[in-house]
Amino acid sequence: MNLNEIYSEISSFNLGEAIREIGRDSHVLTQTEIITLSVTAAVGLLLCLFGWKIIRLWAALAGFALGAAVGAAVAAAAGSGGSTVLIAGLISGLILAVLGAVLYRAGIFLTVFTAVSSFCVGVINPGDWISVGICLAVGLVAAILAVRFASVLTIFVTTVYGASVAGTAVYHLLPVTGGIIHIGLCAVIGIIGLLVQLLLESRRQKKKSLEKAAEIREESSTAYEVERARAVMEDLDRIPQEDAENGARSEADGESEDSVQK
């Protein structure tokens, strides 16, 4: 299979239709769908539990997905062939993945923007470009705020998005139906994920505070030792001077006694 055939299959794939087909009560999951849903549930659970802990990994994945989509769309809009579109998407995806993993703030921006935009698309299910633009605008605003309030917003966004992805995948894997069960699964996973992320962040802040306190103590101890050494040196410099003064004073006293005796 060449790149043009791969591009043709990808472009003809309808994700929304596939999700709607899986969601039908009468639909029987195939082995491929079970594997895909299991992997999706695992990734969503990891994102919900460790979204902030391993933010650079998520930033790389989000950067690759966003870069690949933008690069492929630009190449397709320029009238390029299937192989060119795939190569352009791959190159732009790798560039954004590296930038997201290396640049801390850029990684947070990419992660939050991708998560919030995808969540809005999944909830609204836009049917036109205006709705898509609204979803992208909401994601952009959230990403800008996340650069300023990094830990708080990133924890919240990754928890909600990860819980929605994992909960939805688990719901389709289980032999149950009902919107309440679906929402309940997402809520339970989200609560657990939020508690875990807050606990991990609390431990990280505590460790950071202890390291800072140890650094301050070390600096204070070093300053004290330097001051003590300076005082010792001053005492050592003062001793010969005092000895000289005492010697001169003794000689003067001796001369005075000799003159008195004479």
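Cys186 touches Ala163, Ser164, Gly167 and Thr168, leaving aside residues up to four places away in sequence; contact means heavy atoms within 4.5 Å. This is a predicted model, in which local features need pLDDT of at least 70, side-chain atom pairs count only at pLDDT 80 or more, and totals for chains, interfaces and linings use all residues. Residues are numbered from 1 along each chain as its sequence is written, and side-chain values use heavy atoms, with hydrogens and water left out.

**Overall build**

- The chain has 9 helices and 0 strands. Helices (H or I, at least four residues) and strands (E, at least two) are DSSP runs, numbered from the N terminus.
- Along the sequence, the pattern reads α-α-α-α-α-α-α-α-α.
- Of the 262 residues in the chain, 25% are buried. Buried means under 20% relative accessible area, exposed means over 50%, and partly exposed lies in between (1.4 Å probe, protein chains only).
- Take the contacts between residues at least 6 apart in sequence: 71% of them join residues at least 24 apart.

**Cysteines**

- Cys186 sits in helix α9.
- Cys186 and Gly167 are 19 residues apart in sequence, yet their C-alpha atoms are 4.4 Å apart in space.
- Cys186 is buried, at 17% relative accessible area.
- Cys48 is also buried, at 0% relative accessibility.
- The whole structure holds 0 disulfides. A disulfide is a pair of cysteine sulfur atoms within 2.5 Å.

**The nonpolar core**

- The largest nonpolar core has 15 residues. Such a core is a set of buried Ala, Val, Leu, Ile, Met, Phe, Trp, Tyr and Cys residues joined through side-chain atoms within 4.5 Å.
- Trp52, Ile108, Val112, Val116 and Val157 have the most contacts inside this core.
- Helices α6, α7 and α8 (150–173) each supply at least two of the core residues.
- The largest share, 6 residues, comes from α6.
- In soluble globular proteins, nonpolar side chains tend to be buried together.
- Val112 touches Ala142, Ala143, Ala146, Thr154 and Val157, not counting residues up to four places away in sequence.

- Helix α6 has 21 residues, which should span 30 Å at 1.5 Å a residue; the end C-alpha atoms are 30 Å apart, so the two agree. The expected span is 1.5 Å times one less than the number of residues in the helix.
- The buried residues of α6 are Gly107, Ile108, Leu110, Thr111, Val112, Phe113, Ala115, Val116, Ser117 and Cys120.
- Their cover includes α4 (55–77), α5 (82–102), α7 and α8.
- Asn125 lies in the loop between α6 (104–124) and α7 (129–148).
- Asn125 has a positive phi of about 55°, although it is not a glycine.
- Most residues other than glycine have a negative phi.
- Asn125 counts as exposed, at 53% relative accessibility.

**Helix α5**

- Which residues of α5 are buried? They are Gly82, Val85, Gly89, Ser92, Gly93, Ala97 and Gly100.
- Seen down the axis of α5, these buried residues fall within an arc of 145°, so they line one face of the helix. The arc is that of the directions from the helix axis to the C-beta atoms.
- Val98 and Val102 are exposed on the other side of α5.

**The salt bridge**

- The count comes to 1 salt bridge. A salt bridge is a side-chain nitrogen of Lys or Arg within 4 Å of a carboxyl oxygen of Asp or Glu.
- Glu201 pairs with Arg204 in a salt bridge, with the closest N and O atoms 3.0 Å apart.
- The two residues, Glu201 and Arg204, are 3 apart in helix α9 (residues 179–261), so about one helical turn separates them.
- An α-helix has 3.6 residues a turn, so residues three or four places apart point the same way.
- Glu201 is buried at 10% relative accessible area, whereas Arg204 is partly exposed at 38% relative accessibility.
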